[in-house]
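This report describes selected local features of a protein model, with attention to ring geometry, surface and backbone. The structure is shown first, and the discussion follows.

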Amino acid sequence: MDLPSFFCSIVLCCFFVFTFDPILFSFLCASIVVEILVWLRLEESNRVEKRILYQTTLGHRGCTLNSQQVERIQKSQFDFQGPTENTIPAFQFALSNGANGVELDVQLTKDKELYIFHDLNLSQRLLSQDDLSSLSPSQDFKASPIRFSSVASSALKNLKVSFRSKTCLKSSIPSLQEFFDFLIDHTSKNPHKSSPVVMVELKTGANYKELVSRLIVELEEYQTKRKKRLFKTNNNGDHDQYDNGIVIGSFNPLALYYFRTHSPRSYATLFLVGNSLGDGAPLWWIRYLDPLYHFLCLVVVPFLLRPAIMSFNWKLVERKVDVTTWIKNYGVNLWTVNNNSLKKKYISLGCSVTTDQCFDGEIGEMTEEISN
């Protein structure tokens, strides 16, 4: 059963109270009881999971330079080469520059493999014209963009992404399996440090069940490899089934619900809430639809889904969300906070922050000035 079926069951039960078909009425009552038991199980697991991101700093898509920072560095002639988002060098850079963990985005390819990439389309934001032409020589990319989900993993292996700037390194698009191998290797080389926290954001559409099912398989493979390389025990001497370093996030509550009810292990789930339904939307949209969107995200979904962590756009928090209230019952994450004073403020309250700003020294001062 999914969340909508719960409401349908209640409505149908009310109907059958009056018509009273005892068999159907009993079946629907049993369905509601099952839904309540699932809800209670999810609530119980939150007691452990909600503190996973307590006062942590996550490198946004690893640790990258945004377009403003690239432009400023180019004008200053500062000799610096930064990593490109959602690549292994970006994750390595974040973990080497003070981040407690990283945030990354996963999507399904045409052949149902999980790769790390943010945009739903392949475009010149990260790829050269030659790379795009190699995928589809005769296609007009502006009029008809190439969907990431329409490209096979074999083709992705030949591509190099960057912001097409001398300040950014070209890197391959990694698979989720390659990232997990990197994560195990990084943790084994740094035994004195706690394991990095990883927030995996699911870029889903109608195929969210396929994506989640594949993710569960890859998480199990990761756990097997991790157990061989980094065996840890709990207080009872048994292998701990909770991997407190993995957080599964999404804007899609159905994807999170499907994951929590199908994963054999318990992972923290994180529900993302944006500042608005659409940037640059017309005034009537913002006035009438945004309040409905925020009512669903801030009232309905938290009550039904019971995510361990609520993740808010920091602009929404500054405008209308009181994190001190939310943090009593949930872990709270804010994205994307690139101002150091705001980072310190929210971390002191017990929140975690997702940020591009993990730089030190002269480059850190420069990116901080741009962010203010």
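Is tyrosine 208 buried or exposed? The model is predicted, and in it tyrosine 208 has a relative accessible area of 13%. Because this value falls under the 20% limit for buried residues, tyrosine 208 counts as buried.

**Overall organisation**

The protein comprises 14 helices and 13 strands. Of its 372 residues, 49% count as buried. Among contacts with a separation of 6 or more, 67% are made by residues 24 or more positions apart. The accessible surface amounts to about 18,300 Å², and carbon and sulfur atoms contribute 56% of that area.

**Aromatic pairs**

A pair of aromatic rings is described by the distance of the centres and the angle of the planes. Ten aromatic pairs occur in the structure. In one of them, the ring centres of phenylalanine 180 and tyrosine 222 are 4.4 Å apart and the planes meet at 20 degrees, so the pair is stacked; the angle qualifies because stacked planes are under 30 degrees apart. Phenylalanine 180 belongs to helix H7 (residues 176-189) and tyrosine 222 to helix H8 (residues 208-229), so this pair ties together parts that are 42 residues apart in sequence. Both phenylalanine 180 and tyrosine 222 are buried.

Tyrosine 208 takes part in another aromatic pair, with tyrosine 258, and this one is edge-to-face. Its centre-to-centre distance is 6.2 Å, with 85 degrees between the planes. Tyrosine 208 is in helix H8, whereas tyrosine 258 is in helix H9 (residues 253-262), so the pair ties together parts that are 50 residues apart in sequence. Tyrosine 258 is likewise buried, its relative accessible area being 17%.

Phe180 and Tyr222 also belong to one aromatic cluster, together with Phe91, Phe179 and Phe182. A further ring, that of tyrosine 54, has the charged end of arginine 51 over it, 4.4 Å from the ring centre.

**Nonpolar surface**

Leu292, Phe295, Leu296 and Val299 make a nonpolar surface patch of about 350 Å². Valine 299 is located in helix H10 (residues 283-305). Its relative accessible area of 43% makes valine 299 partly exposed.

**Backbone features**

Most residues other than glycine have a negative phi, and most peptide bonds are trans. Where does the backbone show a positive phi in a residue that is not a glycine? Asparagine 86 and lysine 112 are such residues, and the table gives their values.

| Residue | Phi | Relative accessible area |
|---|---|---|
| Asparagine 86 | about 55 degrees | 2% |
| Lysine 112 | about 65 degrees | 39% |

Asparagine 86 is placed in the loop between helix H3 (67-76) and helix H4 (88-96), and it counts as buried. Lysine 112 is in the loop between strand E2 (101-108) and strand E3 (114-116), and it is partly exposed.

Which peptide bond is cis? The bond from tryptophan 335 to threonine 336 has this form, with omega near -20 degrees. Threonine 336 is part of the loop between strand E12 (331-335) and helix H13 (340-348).

Conventions:
Residues are numbered from 1 along each chain as its sequence is written. This is a predicted model: local features need pLDDT of at least 70, side-chain atom pairs count only at pLDDT 80 or more; totals for chains, interfaces and linings use all residues. Side-chain values use heavy atoms; hydrogens and water are left out. Rings of Phe, Tyr and Trp (its six-membered ring) pair if their centres lie within 6.5 Å; planes under 30 degrees apart count as stacked, over 60 as edge-to-face and the rest as tilted. Helices (H or I, at least four residues) and strands (E, at least two) are DSSP runs, numbered from the N terminus. Buried means under 20% relative accessible area, exposed over 50%, partly exposed in between (1.4 Å probe, protein chains only). A charge sits over a ring if NZ of Lys or CZ of Arg is within 6 Å of the ring centre and within 35 degrees of the ring normal. Patches are made of residues with over 30% relative accessible area and no salt bridge: like charges are joined within 9 Å, nonpolar side chains (Val, Leu, Ile, Met, Phe, Trp, Tyr) within 5 Å. Accessible areas come from the Shrake-Rupley method with a 1.4 Å probe; for residues, only the protein chains shown count as cover. A salt bridge is a side-chain nitrogen of Lys or Arg within 4 Å of a carboxyl oxygen of Asp or Glu. Contact means heavy atoms within 4.5 Å.
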